[in-house]
Amino acid sequence: MELKELEYLITIAEERSISKAAEKLFMAQSSLSQSLQNMEAELGGKLFIRTSTGVRPTQAGIVMLERARKMLVDYRQVRDIIQDMEDLKAGQVEFGISTFRGSYLLPMVLRDFKRRYPQIRVEITEANSMALEQLLIDGRLDLGLVALPLTKLKSDVRFLMQDEIYICAAEGHPVMECARETERDGKKCLYVELEDTMGFEYILSDYDTILGSIARREFARRSLIPRVCNDNLTAPFAAAMAMAGLGLAFTYASCREPLKNIRYLSIGRKGVFLDLALAHPPGRYRSKAALALERQLVRGLGQT
């Protein structure tokens with residue numbers, strides 16, 4: 001059995017569907033099905049059973065998945081140790097970041113990192129902070145950009161930066177009549193009190209996202225019940241809807257679009273902020289490549 005086949009098993013289990021797993025792996029469904037049949041024949045037992053909602057692992061599959069995850073983590077650690085002997089002339093980093101934030105923060109940092117270390121490959125996993133925590137705990141990431149406070153990780157975390165959460169609105173949206181001006185850190189900025197926005201519709205991200213949970217927390221802290229027209233959109237989709245004048249949405253300062261027809265408003269005079277940190281898998285070997293990427297991120301984005 002090859003390492004890539006272990007990845008196949010884990011992906012099938014995570015997607016709960018052979019067709020979705022094949023799509024994620026950029027494979028034909030028939031090829032993945034055949035690979036699974038070959039693995040089951042080699043092991044002598046069924047690893048997955050079909051259900052009305054997809055596939056789920058059998059008891060044998062659960063045992064195999066547990067071993068597969070451990071084998072892949074062990075392999076990656078050995079690979080890192082050997083590549084470190086080349087003193088940053090080779091290596092690979094598995095890095096996790098949210099899709100929304102990554103599109104704005106990461107490209108320039110990776111460009112500079114590539115110039116400095118052309119032989120090191122950075123593999124990016126996109127997921128929300130809650131999912132990234134679990135991937136770090138499982139040893140499937142070498143480094144992740146996560147939001148604080150964490151729910152599971154208790155160590156191996158380094159503060160990176162603060163990100164402000166804004167309300168975004170189209171330029172002509174009537175909420176602008178409620179906007180006020182203040183000065184913060186020597187710069188003028190616009191803010192709005194959430195109480196003054198209750199006459200307008202909101203477009204929210206899902207409950208299980210950091211942005212969605214913070215938005216709901218801020219409403220709850222003020223005992224406010226917003227008018228919501230959509231409440232399970234991704235953050236980029238919600239922001240795009242707001243830009244089109246379809247409602248108010250929340251976004252991050254790090255993800256602001258420099259467009260003339262969009263306005264960004266702080267939440268209250270003092271604003272609402274989110275701490276971001278770099279996290280390593282707890283208790284595992286830290287490769288030179290991962291530490292080099294961490295230094296580049298701190299240099300490019302962080303506050304030391």
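How many residues does the largest nonpolar core have, and which of them have the most contacts inside it?

Analyst: The model is a predicted one. Its largest nonpolar core has 50 residues. Those with the most contacts inside this core are F95, I165, I167, Y202, F250 and L297. Helix α9, which covers residues 288-301, gives the most to the core, with 7 residues.

F95 can be followed in detail. Leaving aside residues up to four places away in sequence, F95 touches L106, V122, E123, I124, T125, L141, L143, G144, L145, L278, L293 and L297.

Apart from this core lies another, of 19 residues, and Y8, M39, M64 and L65 are among them. Y8 and M39 also take part in a contact between two helices, α1 and α3. On the α1 side the contact is made by E5, Y8, L9 and I12, and on the α3 side by L32, S35, L36 and M39. These residues divide into 6 nonpolar, 1 polar and 1 charged. The axes of α1 (residues 3-15) and α3 (residues 29-43) come within 11 Å and cross at roughly 110°. Angles of 65 to 115 degrees count as roughly perpendicular, so α1 and α3 are roughly perpendicular to each other.

As for the cysteines, the count of disulfides is 0. The cysteine sulfur nearest to that of C168 belongs to C255 and is 10 Å away, while a disulfide needs the two sulfur atoms within 2.5 Å. C168 counts as buried because its relative accessibility is 1%. C189 is in no disulfide either, with the nearest cysteine sulfur, that of C168, 16 Å away. At 19% relative accessibility, C189 also counts as buried, since the limit is under 20%.

Methods
Residues are numbered from 1 along each chain as its sequence is written. This is a predicted model: local features need pLDDT of at least 70, side-chain atom pairs count only at pLDDT 80 or more; totals for chains, interfaces and linings use all residues. Side-chain values use heavy atoms; hydrogens and water are left out. Buried means under 20% relative accessible area, exposed over 50%, partly exposed in between (1.4 Å probe, protein chains only). A nonpolar core is a set of buried Ala, Val, Leu, Ile, Met, Phe, Trp, Tyr and Cys residues joined through side-chain atoms within 4.5 Å. Helices (H or I, at least four residues) and strands (E, at least two) are DSSP runs, numbered from the N terminus. Contact means heavy atoms within 4.5 Å. Axes are lines fitted to C-alpha atoms, for helices over the stretch in contact, and angles run from 0 to 180 degrees between N-to-C directions. Angles under 35 degrees count as roughly parallel, over 145 as roughly antiparallel, 65 to 115 as roughly perpendicular and the rest as oblique. Ala, Val, Leu, Ile, Met, Phe, Trp, Tyr, Cys and Pro count as nonpolar, Asp, Glu, Lys and Arg as charged, and the others, Gly among them, as polar.
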